[in-house]
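Please read the numbered points with the sequence and the model side by side.

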Amino acid sequence: MRGSEFAELKAFAAVVERASFARAAAALGLSPSALSQTIRQLETRLGQRLLNRTTRSVAPTQAGARLYEQLAPLLQSLSAAVAEASATGQMGGVLRINTLGMAARQLIAPRLDRFHRTHPTVGLDIVVDDALGDIVAGRFDAGIRVGGRLEKDMVAVRLTPDIRMVAVASPDYVSRHGAPTTPQDLHHHACINWRLEADGRPYRWEFERRRERLEIAVTGPLVTNDAGLGLSAALQGLGIAYAFDQESVATLLADGRLVQVLADWSITRPGLFLYHPSRRHMPAPLRAFIDCLLDRDQPSLAA
């Protein structure tokens, strides 16, 4: 394959992944007109129209989608091979991480200063993405997800233990409306629900007791995709929220600002995992980032 042919394929993949000539051109360091000319040359050489263009959108044709499906893993493997050859063992460059919001807040944010002081030549590009984006297509080095939502053919590293779900409300709400004793009682209560980013549906609350499993569709004054906003609504007495039993929730329960209901029905969900494409040699910046998240770079904390 000639160098010009490789450049055309790389340019085509960049346009498909970004759904924009302007964004793809910026990423490739080209002008939009030069990129457009490159795509036209590729289409002429293949004798196929690969992209449908309008004034507001770009999308692959059927032929373009088939080409990208076969091309994307090859480009990813090539990029990984070049990265390993040039960066394995070297501490530098930019590490791109795609993460859930709660992982960004709980795991990454408290360690940013420590990681930067220890590895000042490594830049972090952190994208908060609760919609479970594809890290390979997005050219990320790693992603952080709840276990059970990991992409296939990935190396997974556990970051946290499994997480218990807790139904909570303010003492004022419970004094005014009482506490539910069974999950079915939630149909008679105001509930604060959260919307699943992956498909836009409101979450059906899951409960389990002595092998009896239930899913309850709840209603109430608020549906949100932000867990912190839902917790604030519960604190203000708007209704019952179903939240991960994390440090902030435990503190609110200990302070008496929230009370737990349906405690014997709580379920445990898989904890947080960092996952990355399988490579024989993990890049040094990613290894250092994992060590920092696990506090393995702090002997007194890791012991």
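The points below go from the whole protein to selected elements and residues.

1. Basis of the note. The model is a predicted one, in which local features need pLDDT of at least 70 and side-chain atom pairs count only at pLDDT 80 or more, while totals for chains, interfaces and linings use all residues. Residues are numbered from 1 along each chain as its sequence is written, and side-chain values use heavy atoms, with hydrogens and water left out.

2. Overall composition. The protein has 11 helices and 15 strands; these are DSSP runs numbered from the N terminus, with helices (H or I) of at least four residues and strands (E) of at least two. Of its 303 residues, 40% count as buried, where buried means under 20% relative accessible area, exposed means over 50%, and partly exposed lies in between (1.4 Å probe, protein chains only). The accessible surface comes to about 16100 Å², and carbon and sulfur atoms hold 53% of that surface; the areas come from the Shrake-Rupley method with a 1.4 Å probe, and for residues only the protein chains shown count as cover.

3. Contacts along the chain. Among contacts with a separation of 6 or more, 74% are between residues 24 or more positions apart. Contact here means heavy atoms within 4.5 Å.

4. Helix H5. The buried residues are Gly101, Met102, Ala103, Ala104, Leu107 and Ile108.

5. Thr99. This residue is found in strand E3 (residues 93–99) and counts as buried because its relative accessibility is 0%. Leaving aside neighbours within four places in sequence, Thr99 is in contact with residues including Ala104 and Ile108, both of which are among the buried residues of H5.

6. The cavity. A search of the whole structure finds 1 cavity of 30 Å³ or more, and the largest cavity has a volume of about 40 Å³. On a 1 Å grid over the protein atoms alone, a cavity is a set of points where a 1.4 Å probe fits but cannot get out, and lining residues have an atom within 4 Å of a point. Grid points are joined across faces, edges and corners, and a volume is the space filled by probe spheres set on the points.

7. The cavity lining. Which residues line the largest cavity? They are Ile108, Arg111, Leu112, Phe115, Leu124, Phe289, Cys292 and Leu293. Helix H6 (112–118) and helix H10 (284–293) each supply at least two of the lining residues, and H10 gives the most, with 3 residues. The lining divides into 7 nonpolar residues, no polar and 1 charged; Ala, Val, Leu, Ile, Met, Phe, Trp, Tyr, Cys and Pro count as nonpolar, Asp, Glu, Lys and Arg as charged, and the others, Gly among them, as polar.

8. Strand E12. In this strand (residues 240–244), 5 of the 5 residues are buried, so E12 is largely enclosed by the rest of the structure. Strand E7 (residues 163–169) runs antiparallel to E12 and is joined to it by 4 bridges, with Val166 having Ala243 as its bridge partner. Strand E8 (residues 191–194) runs parallel to E12, with 2 bridges between them, and Cys191 stands opposite Ile240. Two strands pair if DSSP finds at least two bridges between them.

9. The hairpin of E9 and E10. Strand E9 (residues 205–209) and strand E10 (residues 212–216) run antiparallel and are joined by 5 bridges. Phe207 stands opposite Leu214 in this pair. The hairpin has 2 residues between the strands, and Arg210 takes a positive phi near 45°.

10. Leu35 lies in helix H3 and counts as buried at 0% relative accessibility. Its C-alpha atom is separated by 6.1 Å from that of Ala25, 10 residues apart along the chain. Arg49, in the loop between helix H3 (32–46) and strand E1 (51–53), is partly exposed, with a relative accessible area of 46%. Arg49 and Gly64 are 15 residues apart in sequence and 7.3 Å apart in space, C-alpha to C-alpha.

11. His276. This residue lies in strand E15 (residues 272–277) and counts as buried at 4% relative accessibility. Beyond neighbours within four places in sequence, the contacts of His276 include Ile135, Asp141, Met154 and Leu286.

Terms used: 1 Å grid on protein atoms, 1.4 Å probe; cavity = no way out; pocket = protein on both sides within 12 Å on 5 of 7 lines; lining within 4 Å.
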